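Welcome! Here is a friendly briefing to read alongside the sequence and the 3D view.

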Amino acid sequence: MQEIVDFIQKTFKTKEFIPLHEPRFFGNEKKYLNECIDSTFVSSVGKFVDTFEREFAKKVGSKYAVATVNGTAALHIALLLADVKQGDEVITQPLTFIATCNAISYIGAKPVFVDVDLDTMGLSPIALESFLKANCEIKDKKCINKTTGKIIKACVPMHTFGHSCHIEQIKNICDAWHVELVEDAAESLGSYYKNKHTGTFGRLGAFSFNGNKIITSGGGGVIVTDDEVLAKKAKHLTTTAKVPHAYEFVHDMIGYNYRMPNLNAALLVAQLEQLDGFLENKRELACGYAEFFSKMDDIKFIEEPNNAKSNYWLQAILLEDKNKRDIFLEFANKNGVMSRPIWRLMNELEMFEACQCADVTNAKFLEERVVNIPSSVRLG
Ligand SMILES: *Cc1c(COP(=O)(O)O)cnc(C)c1O
């Protein structure tokens, strides 16, 4: 145990407290923020929002990007655009951050939990297909859950810690079952599956720029799509559904105040310029961890899955069992090396206890064993 702490301290060149993930501001952050303040455009309109949307779309290879106030808001709007309505059901994984299930719940829809794969920690295409075959039927091009009588409108896989799930297979299954694929790519900017960027496999994807993500705008998110109509609707819905007019206030539906302020976009444009360097730095860190942990037979460093290129956003290890995990967490945190367990399973939280849940053996296995270790971009 001590040798792990020593290795991480050596890796980060400090004996002081080592956080799990710190943001880094090495680039044009202050310059753009100053420009923003000098121009007085700090709020809902401004050139940095437009610049960010253009540059982000280019980066991930989607036609359009619409910036939002945070990643949860991006997911919420993406689900509305996927036509998810009150009373519908949405398939997702039990092993995810709460935001995925919150966004589904804001609409009055219910999550249905399907297991993850052990190699990706993301939604399993095999589990997805067997759930659909056992529980669902297609009627009038709709996927009906025979157990509840509800429509399964969408499926939201998540690319856990930046490792792509088997998204191509998931996409094919969703298409065959008339279920809209909406990717929660909040953690996977810079991650690819077979050279295609995560978040761009379905018609809609969502990313987050919260303070702990690979790049940050303080708080922020983005919706990506190749569909011009959806992009326009996303912009409209996230900006209070205001009808363009020189001076009058006309709104044609109940919209949301979900836009990203120009101030946050200024920070984000500067961050995006540094993404490639961050990715390289994190990959180096991952290589170091992989080599170090390869010498231990009771701890496994989690590497990128086959066919995937990971951003290695949060680096993770797998311990032998829950008891060993707890001993590790206790020791590392006490010795100034921040580490934390993966999320509690969503199906076990009080709000989602009543939701339909398939066999989630893999998710449970990972929940008891996975620990995140310091993953920040290193200085110098
Ligand atoms: C960070 C994150 C989100 C979005 O979070 P915000 O804090 O609202 O930006 C959504 N899903 C997952 C899996 C996340 O990790």
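Which side chain meets K58 in a salt bridge? The partner is E55, with 3.5 Å from N to O. Please keep in mind that this is a predicted model.

**Salt bridges**

- A search of the whole structure turns up 21 salt bridges. As background, side chains of opposite charge can pair when their charged atoms come close.
- K58 and E55 share helix α3, where they sit three residues apart, about one turn of the helix. K58 counts as exposed because its relative accessibility is 60%. E55, with a relative accessible area of 28%, is partly exposed.
- Another salt bridge joins the side chains of E320 and K324, at 2.8 Å from N to O. Here E320 is partly exposed, with a relative accessible area of 43%, and K324 also counts as partly exposed, at 35% relative accessibility.
- E367 and R344 meet through their side chains in a salt bridge of 3.9 Å, N to O. E367 belongs to helix α12 and R344 to the loop between β15 and α12, so this pair ties together parts that are 23 residues apart in sequence.
- Is E367 buried or exposed? E367 is buried, because its relative accessible area is 7%, under the 20% cut-off for that class. R344, in contrast, counts as exposed at 59% relative accessibility.
- Salt bridges can also be followed through a network here, which links D83, K85, D88 and K153.

**Aromatic rings**

- How many aromatic pairs does the structure hold? The number is 16.
- One of these pairs is F161 with W343, a tilted pair with 5.1 Å centre to centre and 35° between the planes. F161 lies in the loop between β6 (152-156) and α7 (167-176), while W343 lies in the loop between β15 (340-341) and α12 (361-367).

**Charges over rings**

- The charged end of K47 sits over the ring of F48, at 5.0 Å from the ring centre.
- K196 has its charged end over the ring of F201, 5.4 Å from the centre of that ring.

- Strands of a sheet pair through backbone hydrogen bonds, either parallel or antiparallel.
- In this model, three strands form an open sheet in the order β9-β8-β13, and the pairing is antiparallel. The edge strands, β9 (196-197) and β13 (308-309), each pair on one side only.
- Strand β8 (residues 192-193) pairs with β13 over two bridges, in the antiparallel sense. Across from Y193 stands A308, in β13.

**A nonpolar surface patch**

- Which residues form a nonpolar patch on the surface? They are I37, V42 and L263, which together have about 220 Å² of accessible area.
- V42 is placed in the loop between α2 (29-39) and α3 (47-60). V42 counts as partly exposed, because its relative accessibility is 33%.

Terms used:
Residues numbered from 1 in each chain as written. Predicted model: local features only at pLDDT ≥ 70, side-chain atom pairs only at ≥ 80, totals over all residues. Heavy atoms only, no water. Patch = residues over 30% accessible without salt bridge, like charges linked within 9 Å, V, L, I, M, F, W, Y side chains within 5 Å. Areas by Shrake-Rupley, 256 points an atom, 1.4 Å probe, with all protein chains shown as cover. Salt bridge = Lys/Arg side-chain N within 4 Å of Asp/Glu carboxyl O. Helix = DSSP H or I, 4+ residues; strand = E, 2+ residues; numbered from the N terminus. Buried < 20%, exposed > 50% of the residue type's maximum accessible area, 1.4 Å probe, protein only. Phe/Tyr/Trp six-rings, centres within 6.5 Å; stacked < 30°, edge-to-face > 60°. Lys NZ or Arg CZ within 6 Å of the ring centre and 35° of its normal. Pairing = 2+ DSSP bridges.
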